[in-house]
Each structure stands twice: as structure tokens, then as C-alpha cells.
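Here's a quick walk through one structure, taken piece by piece. Have a look at it first, then read on.

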Amino acid sequence: MRIAVDAMGGDNAPEAIVCGAVRAAKAYQEDIILVGQEEQIRAVLRAHNAEDTKGVKILHAPDVVDMHDDPATVLRAKPESSMAVALNLVKKGEADAIVSAGSTGALLAGATLFCKRIKGVRRGALAPLMPCKDGKVLLIDAGANTECTAEYLLQFGVMGALYMNLIQGIQNPRVGLVNNGAEDSKGDPLRREAYQLLKAAHDAGQINFIGNVEGRDVPLGACDVAVCDGFSGNVMLKTIEGVAKFMAGEIKQVFLANLGTKVAYLACKKGMDNFAALFDQDAVGGAPFIGISRPVIKAHGSSNEIAFMNAIRQAIEYKKSGMIEAITESVSQISQA
């Protein structure tokens with residue numbers, strides 16, 4: 001398998017990206033194509049004595065997508081950028097997947113332009129995994145589509161359920177519609193219409209729709225797939241991340257208060273380490289754009305080398321899972337229904 005890596009995307013590029021790719025090549029034994037400014041990439045490899053790493057190749061791309069560039073037009077304006085060249089490798093079949101920590105909007109626009117959506121899929125969706133009580137929940141969409149139709153939300157539910165089944169191994173995953181109340185009459189016109197479509201899909205045996213879920217219940221494990229539009233999904237994601245950081249900081253201050261609390265920390269260190277691991281973004285790596293006809297993984301913009309290595313792992317798992325073929329079949333069946 002060949003993974004195209006946008007070596008110039010993200011806050012810590014190219015060092016963290018290149019080092020993460022080297023780790024991934026060694027750990028997963030797959031070929032990595034580092035796309036970007038060759039001199040900078042080689043300088044990082046030399047600095048880490050990794051020039052001869054098996055499976056790592058370099059493809060020069062002179063330009064870079066800046067976070068301030070217009071996401072909708074930047075890849076047309078910068079066809080020689082590392083992101084555009086990497087996407088083109090996937091389009092031409094010279095790479096099996098792409099991983100980038102660059103601009104989310106530009107990557108989605110490029111994935112749609114170069115790789116295309118799966119036939120029948122209206123919009124690709126960004127779908128990160130979040131920790132929740134007794135497991136993980138997939139949030140779909142988390143920022144790719146700020147304006148949605150009820151049909152988009154239906155498709156997000158179907159695609160999210162397939163992801164949790166094929167990649168996370170959850171049988172018959174529970175799909176919930178994020179809303180401002182649990183009753184079926186709650187929400188704005190979009191949510192009420194989406195509820196009816198999701199319920200019809202449930203009645204037809206296509207998904208396991210459990211109804212509306214409130215935002216507070218998502219981290220408590222109310223569902224396996226939380227369906228929402230990209231605006232509210234992104235707000236939920238960032239809010240949960242912020243609350244987690246706030247809580248971790250406050251707990252740390254409690255244990256640092258005095259000698260007695262420091263001793264108490266030693267007694268529960270293992271539990272505290274496990275708690276911290278739940279919110280470890282490095283272990284997650286990134287999130288796929290579900291609904292695109294090729295594996296496209298968006299790594300966090302601030303990814304370090306461990307996080308980026310895990311983002312590459314996600315790309316490998318996504319390619320091997322059969323997700324794209326399963327979505328193609330399921331969307332076709334729902335469209336016919």
C-alpha cells in the first residue's frame with residue numbers, strides 16, 4: 001500500500017510530519033510518499049538519521065497551501081502545492097490514500113475535486129471519534145458542511161454506522177440525531193425532517209436509529225454515532241475538547257495543592273493516567289472524510305509525530321476495511337428505497 005503524505009501541512013510541518021511518516025513506515029511496513037519541498041524534507045531526514053528508511057520516498061512539490069488561503073480555490077490556484085500534488089497521486093492511482101494536517105476546508109474541497117464523492121453521496125463528512133462512557137462515539141459531521149439538508153443527515157447516519165461496524169467492530173451501532181430534546185417533535189425543521197428520514201431507514205432495517213439525543217448525553221454513551229450538521233458538530237467537538245482540558249487542569253491543581261494531596265495522587269496515579277489517555281489526541285491521530293471515493297484522512301493541525309503516525313495508521317485501516325465499497329452499496333439501496 002502507498003500512502004501519500006502532505007509533508008508541508010500543519011502547524012509543525014515538515015518536522016513532525018516527516019518524523020511521523022518515518023515511524024509509520026517502520027511500524028506498519030507500508031510505503032510512504034512524502035510530498036513537499038524536497039530540501040526541507042531531506043534536511044529533517046538527515047537530522048534524524050532517517051535518510052535510508054525503507055519504504056519512504058520523496059516527491060517534490062514547490063508550493064504550500066497556507067491556512068489563510070481560500071479553501072474553495074486554493075488548489076486550483078496552487079496546483080503545485082504539496083496538498084494538490086498528493087491528492088493528484090491518489091486520483092491517478094499512484095497512491096492508495098492521503099493524509100494531511102493542512103487546511104480542513106482546502107482538503108475537503110480538494111478531495112471532492114480530485115478524488116470525487118462516492119456515487120450517490122451528497123456530501124463528504126468529517127467524522128472524528130470521541131471518547132464517551134464505556135467506549136467511543138463517532139461525531140458526523142464535525143465541520144465539513146455547515147449547511148445541511150435532511151438527506152445529508154440521513155446519509156451521515158448510514159455512513160457513520162458502517163464506519164463503527166467495519167472499523168470499530170460494533171455490531172448494529174446505535175445512531176442518534178443530536179437535537180435540543182429527546183422527543184420526536186423537538187428541533188428546527190431540518191432536525192424534524194431528518195428524524196423522519198432516519199426513522200424510515202430504521203423501519204426498513206437499514207440502520208439502528210434510536211431517536212434524538214441531547215448534547216449532554218453524547219459523552220455519556222447514549223449512541224455510537226452522533227449525527228449533526230457540520231456547524232453544531234464542530235461546536236460540540238470543540239466544546240468537549242475545551243471542557244476536557246479545563247477539567248484536567250483543575251484536577252491537576254487539586255493534586256498539587258499540598259504534600260498530602262501529592263501523596264494521594266501517587267495512590268491513584270494509574271487511574272489518572274487512564275483518564276488522561278481517554279482524551280489523548282495523539283492516539284486518535286485524525287479523522288476520515290467519509291463519503292469520498294478514496295481514503296482521505298485529516299490529521300489535527302497541531303499534530304506531533306506520534307499523532308501523525310497514528311493518522312497514517314487510520315488511512316491504512318480505512319483502505320483495508322472495505323468502507324468505500326460498503327457505502328457505495330448502502331447509499332444505493334437507500335436511494336432506491
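Helix α4 (residues 82–91) is largely enclosed by the rest of the structure, because eight of its ten residues are buried. Buried here means under 20% relative accessible area, with exposed being over 50% and partly exposed in between (1.4 Å probe, protein chains only). Helices (H or I, at least four residues) and strands (E, at least two) are DSSP runs, numbered from the N terminus. The buried residues of α4 include Ser-82, Met-83, Leu-89 and Val-90.

This is a predicted model, in which local features need pLDDT of at least 70 and side-chain atom pairs count only at pLDDT 80 or more, while totals for chains, interfaces and linings use all residues. Residues are numbered from 1 along each chain as its sequence is written, and side-chain values use heavy atoms, with hydrogens and water left out.

So what covers the buried residues of α4? The cover includes the elements below, where contact means heavy atoms within 4.5 Å.

| Element | Residues |
|---|---|
| β1 | 2–6 |
| β2 | 31–36 |
| β3 | 56–60 |
| α3 | 74–77 |
| β4 | 97–100 |
| α5 | 104–115 |

Just after α4, Gly-93 takes a positive phi of about 80 degrees.

Now for a sheet. Five strands make an open sheet with mixed pairing, in the order β6-β7-β10-β8-β9. β6 (129–132) and β9 (208–214) stand at the edges with a single partner strand each, so one side of each has no neighbour in the sheet. β6 pairs with β7 (residues 135–140) in the antiparallel sense over four bridges; pairing takes at least two bridges found by DSSP. In that pair, Pro-131 stands opposite Lys-136 of β7.
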